[in-house]
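Please look through the model below with the following questions in mind.

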Amino acid sequence: MKQVTNRFTWKIGGAAGDGIMVTGAMLGKIFTRAGLWVVDYSEYPSLIRGGHNTQVVQVDEEQIFSHDQGNEILVALNEETVRLHAKEISPNGVIIYDEERLKILPAMIGNRNDISLMAVPFKKIAADLGGKDIMQNTVALGASLGFLTAPFELVEDVMHDTFDDKGEAIVKMNIDIAKAGYEYVLKNFKKEFPWRIKPKKSEKRIIIGGNDAISLGLIQGGLKFYSAYPMTPASSILSTLAELAPTYGHITKHSEDEISAINLAIGASYAGVRAATGTSGGGFCLMTEGLGLAAETETPLVVINAQRPGPSTGMPTWTEQGDLRMVMHASQGDFPRVVVAPGNPEQAFYESIRALNLAELFQTQVIILTDKYLAESHWTSEFFDIKKIKIEKEKLADLRANSDYFKRYLNTKNGISPRSIPGQAGGIFTANSDEHNEFGFTSEAGEDRKMQMEKRAKKFQAISEYFSEPVVKYGPETADVTLVTWGSTTLVCQEALRKLNAMGINANILQILYILPFPTGLVTANLKNSKKTILIENNFSAQLGGVIREYTGLVCNEKLLKYDGRPFWPEEIVEFVKKNI
Amino acid sequence: MPKTVKKISDYETPMKPTWCPGCGDYGIWTALRMAIAELGWEPHEFLMVYGIGCSGNMANVVKSYGFHGLHGRALPVAIGAKLANKNLKVIALGGDGDGYGEGGNHFIHSLRGNVDITYIVHDNQVYGLTKGQMAPTTEKGQVTSSTPEGSIDQPINPPALAIAAGGTFVAQGFAGDTRQLSDLIKQGIAHPGFAHINVLQPCVTFNHHNTFSWFLKRVYKLDEKNHQPKDKIKAFQKALEWGEKIPTGILYQEIRDTYEQDVSELKNQNLLTEDLSKIDVSGTLRKYS
């Protein structure tokens, strides 16, 4: 049997509450430390106990971007996992399960005889070593590594990292339990298993998801105040930032609702600190009036919207890119804002730093648009370079202490007015949600209105000039087909690109990273240089396609859309490209 | 900077108030400036955060840093600013529809949080700026432009609500008694925590029931002889008084840790003055490796 080294997919399925995500996260770390590239992805319903939950961990020697449909090891903690996922297992793959929890009948696996069934007494092994029920997962983790004949030291390190704060006894128990699972497989599995792990030397890498990358990016970018109301899939930004608050000295406030969250952040920002708020689409709806308030008062603000399928409650724990048009146009009136849609954790980190810079330098609002797929999945990534994007502070106004009032909304050449913050002598002004004159006093005079509207709009020319890379290209400069996409779908396109290259198909990708201000010139040039363009979006109405048409007058040749709450499979993109090339 | 003696005219702006002649808002405007002048604050030393309504239109006529926010949302802006710069003096000001209707949720939760700011509410029991509709404090049965057959809802009792929600300083003033109101504002400012001052404010244009003379017949002052504000049950009883007799003064006061005192990151520092040049998340990133 041909051996496959360092390329496989592991999947676990069980009920909510079985603790499967912790197991997947540990495996992700183990393989990343082994010098390999990992992606993980989890699916779970919106409940706390029961339901069907899965997590996929895919490993490769080369950088991978999204997971495939197949898998080689399936850990089944319940019958449903076997029934739903046995068909995805590659020939010679294995189902690992505990006979005490479930019996596997031939019909459940579609009468397949090309896969192995390996019963491992998860519960008994954990209990014999003094572990709780939840540690069955640790047995499963050990057993999985047994199949891959991975060096066991990898496990020990990660156990220390994960459980050190719970004390030496717990660490040791977990290691012993994992080892028992590992050895049980080495001893009892007599057939051949073709997939192998062979650690490689590599630069120190990390494995991280979109939400944590944003959280750390915001901190690195000088965030001092984060207010939010929990909403899937944005909630972990609040909890991560709260956990890190003592270390970095920012504060987090879990507010009574999203309306409060955005107004708190506006207040903090007005008072002079870098502030942000985050939510998903429903919460963003509640924030829209606040977004307009920040625009009218020219208060710097960063808002994160981690999308999930709507309208309304929609599918809370699933993914979609259906909020692009909403965030582009949210709030009454006519005002510009920045919309950035990072396509991977690395971009999420760097663009979060930049978002805080942009918000402050241009006294504007920056929306970071992600989705559940990016927010809650994890990718091996090169260690982030904290020096790549530095904090750029706005220079506060030169104030004359004895002057009575300050022209906070002075109509300057580029629209950016000097700014004072409360407490500064000589800087008095009113940040006014009413239209105002240059001092901030309410004014309904036509000339003031016109001046302030044009002043706010002018800043966006300055922002456009500030950017170096509002679009990102992947693959060769010219290609037979260009995949046009945004946000997390970029990752799946990148994975599809790897597969297309392997098939000898010459393709590249155009990712639109900054959707507002729209990089009209760059997008137009790129689309015109492409032989064939395929628009790929995780939504129903091809929202980016509409935006491209609006700004460039150009229409992509083909479009591939998906709106079932799941990210694309790379295979779907590959098939579509093959059909349409 | 040495403090100079301040006059209320030191807090005037070039703008003129837009309230109706005889409006109770003038009394509150005066009382506020009297309080601040007596405290000797420089205009740049304090922040006024306003909601939207007749009350919020005060934004143009008080010389200070100002933030004229959204209808009902003055409190979160004020709290955000205070947490960002805990040394800043912050006063939020709004109306009854603004603060008890649209912003009712923020009011309740601000009382729980006890951030050290002062919140002054113009309670005229009617919507003024939108021309005479029912407010959360409109008396049951009162005819307004949105309730032509009389208001059906039971009115909110703001001080009782404030005490029940965990307020630490709950007071009621009357726009017709600027001296007392000014003292209440000063006491609210001095109170370490969230100070709520409900101000009975006649609307001369749209509320022909709760008029100056109606109030003058009913309001009486709480003092040491007739009330102990530390007693929560008695405070609640006083807060519920409405009709023939309406109490003014401090209804309830307790000393509890402020929000700022309980946030560990604010114990020894102020967010505003933190150094951003030394931030390095590498240590945390290593945990992801």
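**Questions on a predicted two-chain model**

Q: Which residue of β2(B) does A431(A) stand opposite?
A: In this predicted model, strand β17 of chain A, residues 430–432, is joined to β2(B) by 3 bridges, and these two strands run parallel. Within that pairing, the residue that stands opposite A431(A) is F67(B).

Q: Which element gives the most residues to the side of chain B that touches chain A?
A: The contact between the chains involves 54 residues of chain A and 46 residues of chain B. On the chain B side, two or more residues come from each of β2 (65–68), α2 (74–84), α4 (104–113) and α10 (282–286). With 8 residues, the element that gives the most is α2(B).

Q: How many residues on the side of chain B that touches chain A are charged, and how many are polar or nonpolar?
A: The side of chain B in question consists of the 46 residues that are in contact with chain A. Sorted by class, that side has 24 nonpolar residues, 16 that are polar, and, for the charged class, 6.

Q: Which strands are the edge strands of the open sheet?
A: The sheet is built from 9 strands with mixed pairing, in the order β17(A)-β2(B)-β1(B)-β3(B)-β4(B)-β6(B)-β5(B)-β8(B)-β7(B). Its neighbouring strands are turned against each other by 20° on average, with direction ignored. An edge strand here pairs on one side only, and the two that do so are β17 of chain A and β7 (219–221) of chain B.

Q: What is the bridge partner of V170(B) in β6(B)?
A: Strand β5 of chain B, residues 169–174, pairs with strand β6 of chain B, residues 195–200, in the parallel sense and over 6 bridges. In β6(B), the partner that V170(B) meets is H196(B).

Q: What percentage of the residues in chain A is buried?
A: Of the contacts in chain A with a separation of 6 or more, 74% are between residues 24 or more positions apart. Taking 20 or more other C-beta atoms within 10 Å as the cut-off for a buried residue, the buried part of the 581 residues in chain A is 55%.

Note on methods: Residues numbered from 1 in each chain as written. Chains lettered and ligands numbered in written order. Predicted model: local features only at pLDDT ≥ 70, side-chain atom pairs only at ≥ 80, totals over all residues. Contact = placed C-beta atoms within 7 Å. Helix = DSSP H or I, 4+ residues; strand = E, 2+ residues; numbered from the N terminus. Nonpolar A, V, L, I, M, F, W, Y, C, P; charged D, E, K, R; others polar. Pairing = 2+ DSSP bridges. Axes fitted to C-alpha atoms, helices over the stretch in contact; angles between N-to-C directions. Buried ≥ 20, exposed ≤ 12 C-beta atoms within 10 Å, placed from the backbone.
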